[in-house]
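Take a first walk through this structure.

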Amino acid sequence: MNLVEMDELEIGLIGLGAMGMMYAKRLVEAGWKNVNVCDLPSKYERLEIALAGSGLTVLKDGHAVSRRSDFIIYSVEAENIERVVAEYGPSTKMGAIVGGQTSVKEPEIRAFEKYLPDDVHIVTCHSLHGPTVHSKGQPLVLIRHRASDDKYNLVIRILSCLQSEIVELSYKEHDRITADTQAVTHVAFLSMGTAWKTQMQFPWETPQYVGGIENVKINMTLRIYSNKWHVYAGIAMMNPSAEIQIRQYAQSVSDLFKLMIQEKQEEFENRVKLAGDFVFGKHAESRQPILLSDSILDRFSLSSVPSEQRKPNSHLSLLAMVDSWHKLGIRPYEHMVCQTPLFRLWIGIAEYLFRNTEMLKEAIQAALYDKDIRADDMEFYSASKGWAECVAVGNMAAYQKRFEETAEFFKERFTEGVRIGNEMIEVIKTHQPGSRSSQTGKH
Ligand SMILES: NC(=O)C1=CN([C@@H]2O[C@H](COP(=O)(O)OP(=O)(O)OC[C@H]3O[C@@H](n4cnc5c(N)ncnc54)[C@H](OP(=O)(O)O)[C@@H]3O)[C@@H](O)[C@H]2O)C=CC1
Ligand SMILES: O=C(O)C(=O)Cc1ccc(O)cc1
């Protein structure tokens, strides 16, 4: 690292929420001497006191950060990016580099093109993990939109402190891939949460939700609901590629649920088999499975139900996921380079179910003939429809209300769910995204 560069260059962060703060701390830890930060002007005094001695320079607003920083990262809500860039973008230092951390790049790039002076370089980024996951080894998307070689290489040097795996994409590629990996995965977990909440049911008290892959469903649902609603709303409603995936997921749930309640066994089995062959057939056979065994995940339980009382589950949420990948022609393994921890776990449990013939048979039997699970599946069907309709209408306020009402129901278990979720993520982490060398199995 060039020490003069680290002493002299100024880095700016606009928006000091969970992600902005994580970046700020990592930059200071790495030895960057001038890290300028701000949040809303109304928080200035409070932040100045809270961050005294942290090595960060707290400034009043985005104008102050933009005027003096050589590389500026906007780390605000996707919903606000246009407004915030419109306000501070014209104050950007001449020849500086600007990027953003929003999870959806189309609105961010549009705002940069519209409001940044022409002499400003644009290199934007997206860390594909939440603020409580260590960035080491996780994918970091870099988008070189408008930048000289020198400036692009400078961004790479600065962000190398995250120790992430850099994935270079265009903003359009980024949005297409994350619609496939994130948007549709989130809607499955959001729907599970809504379905449980509608039934006033805590899954850890229910015999259908005992065992390894159920632990993933429960802990990841808690993880999402403990995060900020705007993160998921932005991904679902501001990414132009997301609506079609979410719509298809709800349609797949609906199609499978209809076959289930009509007990159309042959049609149901054929549909599940075709989808499974498409996603996990030849393509997946040569890979090492993401989850070596269901029992690896057994220890991550919130459940109070003894394992001998476990009841079969239809796994409608997973069958529908694989069906919708099939219907949309998505081969999820091709997106592993842009995996988030959540996507990796999700594809991991889908893969586990489809590779385990006995388990899949049991799920299909339960789906068609087990009346106990029907009530859950009915609620899951209506929850997924509700989320898809909310996204199709594009109403942020409705999304927030749905999200926060469910989050309120689960909030007592967030701390524990996130802690256990972090341990789970650690166990299935890869050093090389998409590589075969997963399963560090530290536990
Ligand atoms: N959380 C996650 O898991 C991940 C999030 N992201 C993306 O990163 C971005 C930030 O997310 P996250 O940190 O979680 O969200 P937060 O809500 O924690 O942080 C956003 C911060 O920006 C502030 N802000 C809003 N407007 C302005 C402004 N005009 N000037 C300065 N600050 C402003 C917000 O203030 P206020 O709250 O008062 O509005 C808030 O403190 C989002 O676009 C998100 O999609 C990317 C990867 C992972
Ligand atoms: O893993 C996930 O999908 C998460 O929920 C965390 C997350 C949220 C938003 C992002 O832009 C990236 C990662």
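Helices α11 and α12 run roughly antiparallel to each other, because their axes cross at an angle over 145 degrees, the cut-off for that term; under 35 counts as roughly parallel, 65 to 115 as roughly perpendicular and the rest as oblique. Their axes come within 8 Å and cross at roughly 150°. Helix α11 covers residues 242–261, and helix α12 covers residues 265–280. Helices here are DSSP runs (H or I, at least four residues), numbered from the N terminus. Axes are lines fitted to C-alpha atoms over the stretch in contact, and angles run from 0 to 180 degrees between N-to-C directions.

This is a predicted model: local features need pLDDT of at least 70, side-chain atom pairs count only at pLDDT 80 or more, and totals for chains, interfaces and linings use all residues. Residues are numbered from 1 along each chain as its sequence is written, chains are lettered from A and ligands numbered from 1 in the order written, and side-chain values use heavy atoms, leaving out hydrogens and water.

Which residues of α11 and α12 meet? On the α11 side they are S252, D255, L256, L259 and M260. On the α12 side they are E267, F268 and R271. Contact means heavy atoms within 4.5 Å. The residues of this contact divide into 4 nonpolar, 1 polar and 3 charged. Ala, Val, Leu, Ile, Met, Phe, Trp, Tyr, Cys and Pro count as nonpolar, Asp, Glu, Lys and Arg as charged, and the others, Gly among them, as polar.

Move on to helix α8, residues 171–198. Its axis and that of α9 come within 9 Å and cross at roughly 95°. That makes α8 roughly perpendicular to α9. From α8, H186, F189, L190, M192, G193, T194 and W196 take part. They meet V216, K217, I218, M220, T221, I224 and Y225 of α9. By class, this contact has 9 nonpolar, 4 polar and 1 charged residues.

Helix α9 (residues 212–226) also packs with helix α20 (residues 414–427): their axes come within 8 Å and cross at roughly 120°. That makes α9 oblique to α20. The α9 residues in the contact include N215, V216, N219 and M220. Those of α20 include F414, G417, V418 and I420. Here the classes are 9 nonpolar, 6 polar and 1 charged.

Now the ligands. Around ligand 2 there are 13 residues (a heavy atom within 4 Å). S103, H126, H186, Y232 and T340 come nearest. An oxygen atom of ligand 2 is 2.6 Å from an N or O atom in the side chain of S103. For T340, a polar side-chain atom lies 3.0 Å from an oxygen atom of ligand 2.

Ligand 1 has 26 residues around it, and D39, V76, S103, K228 and H230 come nearest. An N or O atom in the side chain of S103 is 2.7 Å from an oxygen atom of ligand 1. For E77 the corresponding distance is 2.9 Å.

Notes:
Helices (H or I, at least four residues) and strands (E, at least two) are DSSP runs, numbered from the N terminus. A polar contact is a pair of N or O atoms within 3.5 Å; within protein, one must be able to donate a hydrogen and the other to accept it, and residues adjacent in sequence count only if both atoms are side-chain atoms.
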